[in-house]
Amino acid sequence: MKIFRVILFILTSLLMSCQTMAPILTTYETYPIYRGTDLGLTWSPKKSVFKLWSPPAEEARILVYADGQGGSALKIHSLKKGKNGVWSATFNENMEGLFYAFQVKIKGEWLAEVPDPYAKAVGINGRRAMVVDPSKTDPSGWENDRRPPLKDYTDIVIYELHVRDLSSDANSGIRNKGKFLGLTETGTRSREGDATGLDHLVDLGITHVHLLPSYDYLSIDESKPYDSNVYNWGYDPQNYNVPEGSYATNAENGAVRIREFKQMVKTLHEKGIRVILDVVYNHTGVTEASNFNQLVPGYYYRQNEKGGFSDASACGNETASERPMMRKFIVESVKYWANEYHLDGFRFDLMGIHDMETMNEVSRELRKIDPSIFVYGEGWTAGASPLPDERKAIKKNTLLMDHVAAFSDDMRDGIKGHVFHPEQKGFVSSLAGLEESVKFGIVASTLHPQVDYQKVNYSKAPWAKEPQQTITYVSCHDNHTLWDRLAVSAPEASEANRIRMHKLAGAMVLTSQGVSFLHAGVELLRSKNGEENSYKSPDEINRIDWSRKNRYKEVYAYFKGLIALRKQHPAFRMTSSEMIRQHLRFLEMNESNLIAYTISGNANGDSWQNILVVFNGNPGDKKFQIPGGKWTVVVNGEKVSETGLDSVSGGSMSIPPYTAMVLYSNNLPKE
Ligand code: CA
């Protein structure tokens, strides 16, 4: 009896496991994986080889056209089924200049014609891929293009910019308005005589330009002329491996957008500026009709419990980076941009949607190309995802990731108040209780014995292992500009006081540990007329208004001075959390909205022995006891001067309202 029971148990278990396994056998995990790196087109003047991965296809074909849109196919050629779900076709002819699309038949029906996800050149509006001779996409001198030097990630000062915003103002003096080439023009001036565009970036001293999505996206009709004033941030990806056509001088010839993008990178590199691309692999602009979905339905996306598209991006879908062919696509795509376009970094939109394994592979593979390539992202999602938290590349898991950084919303909202409550004040506008959040930001989200993590606004524990894993910022393209936010949250304050708050916020970002990040135009008190979400607002809202450079010249000089100070003094750019713990001490404060700390011992090789930083977010003067000895003031809220604005001796010192002060001393008496 006993034996029978055991056999029965085994049989029942087997039956149950078959039942539980049955649905798995029908899911995407059973699709064969292709490990080759030749998906898409492999071109030579004599031969074009096309390869497409589509395991569920019953038939597959390529349609060749003379143009990027319209007309009927010059030829329709069946693809041959090979191993691991790969379909291929070889044409022994020179196909340069022709356009093509793929189509697969599933369950007896032909799906829509689309370019394959690996397409490297497309025609107008990205509807068809294009065959181009890669050597003709290089600007002259491209072979000599080199990444500007970068020693440590913490040396980075990022400037987050939309291609169009830099030049779209009539007062920009830039000819190629809204174009990649607009970033290559030098000698451009506003009517007031101030340097604009590229010259402005060089003068400001930033190290990296981070471009909002500049791969091919969907929402702009590329056939419309520039002055029809169509605008979009570009978070609706269409062709991931191709530059956006509306930023090129010719969107029809697929080679032009590639060459002009490279020209932009080359010119920025020549000026000492590195280039970062904002990448949005977490979702596609359309769902059912996307290139991914028309070739391998469902595979590249996560599904919800009902079998529909899950939506952690709040844009209608979320991709499934944990599936091997999606992970492979992301990794190969960033490698392609780094190798072909010489890009220096990648900012991952809604990085929390991706799994950590994918992000680690991205970082590892990019650092094999060049160890100075920088990877960071938004450590959150915009909605619920079926991927468990322990696998997500979310902020709290940054500690577990390898050379991947995340944005510090703790610091951002500590400085200016909660991002989703625009009327709320922050540290700089006198809201008490945010001191620990700011201190947590100052030490770049690392472990420090003087931070009380229970009092930090969002994170109750350090989430960065090293300072290079924290993006220190106060504003970006999302939500109000810092200047507009201060107008909404401190309407009672005079303009002069709001300027003080703004400058205080800038000083807090640029003196703190971690990687500095500035929203383009923050140095000119950029305003979008109070528009909170300008993703498709016209240029009048989104442009950088160059007349402000003259109007707020002291604000510009202040930001420029802070960047220079940061670059001259490695103490503000310490390279390890251990170094920060060793050198950075917070002073005991018994008042709200007042923070002071010292960085001592010539930290990180600094020429200054002792540095004192004080932030006063109060509306009145604050008396402050400075340690004995002679100190030189280098930042006083009004100005920045590395050689000194004033000198003070130990004792009581008055800190003006809404003010950052930085002092140094090389001869403090021994304790
Ligand atoms: Ca486009």
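This is a predicted model: local features need pLDDT of at least 70, side-chain atom pairs count only at pLDDT 80 or more; totals for chains, interfaces and linings use all residues.
Figure 1. The calcium ion is coordinated by Asp-216, Tyr-217, Glu-222 and Glu-244, at 2.2 to 2.4 Å. Asp-216 contributes OD, whereas Tyr-217 contributes O. The two glutamates, Glu-222 and Glu-244, each donate through OE. Along the sequence, the donor residues of the calcium ion follow the spacing D-Y-x4-E-x21-E.

**Figure 2. Backbone at Ser-430, a residue with positive phi.** The phi angle of Ser-430 is about 80 degrees, although the residue is not a glycine. Most residues other than glycine have a negative phi. Ser-430 sits in the loop that runs between α8 (409-416) and α9 (435-442). The relative accessible area of Ser-430 is 25%, so the residue is classed as partly exposed.

Figure 3. Ala-444 is not a glycine, yet its phi is positive, at about 55 degrees. With a relative accessibility of 0%, Ala-444 counts as buried, whereas Ser-430 is partly exposed.

**Figure 4. The whole chain, as context for the close-up views.** The chain has 15 helices and 25 strands. Its radius of gyration is 27 Å, close to the 26 Å that the globule rule gives for 671 residues, so the chain is as compact as a globular protein of that length. Taken along the principal axes, the box filled by the C-alpha atoms is roughly 85 × 85 × 45 Å. Among contacts with a separation of 6 or more, 71% are between residues 24 or more positions apart.

**Figure 5. Surface and charge of the chain.** Of the 671 residues, 61% are buried. The accessible surface of the chain is about 25700 Å², and carbon and sulfur atoms account for 51% of that area. There are 77 positive and 80 negative side chains in the chain. The centres of these two sets lie 3 Å apart.

Technical notes. Residues are numbered from 1 along each chain as its sequence is written. Side-chain values use heavy atoms; hydrogens and water are left out. Helices (H or I, at least four residues) and strands (E, at least two) are DSSP runs, numbered from the N terminus. The radius of gyration is taken over C-alpha atoms; the globule rule is 2.2 Å times the number of residues to the power 0.38. Buried means under 20% relative accessible area, exposed over 50%, partly exposed in between (1.4 Å probe, protein chains only). Contact means heavy atoms within 4.5 Å. Accessible areas come from the Shrake-Rupley method with a 1.4 Å probe; for residues, only the protein chains shown count as cover. Lys and Arg count as positive and Asp and Glu as negative; His and the chain ends are not counted. The place of a charge is taken as NZ of Lys, CZ of Arg, CG of Asp or CD of Glu. Donors are N, O and S atoms within 2.8 Å of the metal (3.2 Å for Na, K and Ca); water is not among the atoms, so sites may look incomplete.
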